[in-house]
Amino acid sequence: QVQLVESGGGLVQPGGSLRLSCAASRSIFSIYAMGWFRQAPGKQRELVATMTSGGSTNYADFVKGRFTISRDNAKNTVYLQMNSLKPEDTAVYYCGARPQVFSAFGSWGQGSQVTVSS
């Protein structure tokens, strides 16, 4: 089972940018999909963006045009570039792996706190 470690979170003003990184303990080349999810206080974890090994991406409507997911298989790392951040983007962001097409996302990292506030 792959282990994931998120980094790059922090405090940013509205309209600012952050880039999250998710480092995997082994090669992600053969993992069907990698994804970013988030959980705000008192809310359920929700999908933010996913990317398959073939390069297909999927974004939640609330981040389309602002966030970009990418993966560097050589570095076993997945990124989430977040631009035009809003206060409602404040949450703990988690990286997950979906090993095969018929499996669910799992192998959650510890999360990275993103706070958008002036």
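User: What share of the contacts between residues at least 6 apart in sequence joins residues at least 24 apart in the protein chain?

Analyst: A contact means heavy atoms within 4.5 Å; in the protein chain, 55% of the contacts between residues at least 6 apart in sequence join residues at least 24 apart. This is a predicted model, in which local features need pLDDT of at least 70 and side-chain atom pairs count only at pLDDT 80 or more, whereas totals for chains, interfaces and linings use all residues. Residues are numbered from 1 along each chain as its sequence is written, and side-chain values use heavy atoms, with hydrogens and water left out.

User: How many aromatic pairs does a search of the whole structure find?

Analyst: Rings of Phe, Tyr and Trp (its six-membered ring) pair if their centres lie within 6.5 Å, and planes under 30 degrees apart count as stacked, over 60 as edge-to-face and the rest as tilted. The search finds 2 such pairs. F37 and F105 form an edge-to-face pair, 5.1 Å centre to centre with 65° between the planes. F37 and W108 are also edge-to-face, at 5.0 Å and 85°, and F37, F105 and W108 form one aromatic cluster.

User: Is F37 buried or exposed?

Analyst: Buried means under 20% relative accessible area, exposed over 50%, and partly exposed in between (1.4 Å probe, protein chains only). F37 has a relative accessible area of 10%, so F37 is buried, whereas W108, at 34%, is partly exposed.
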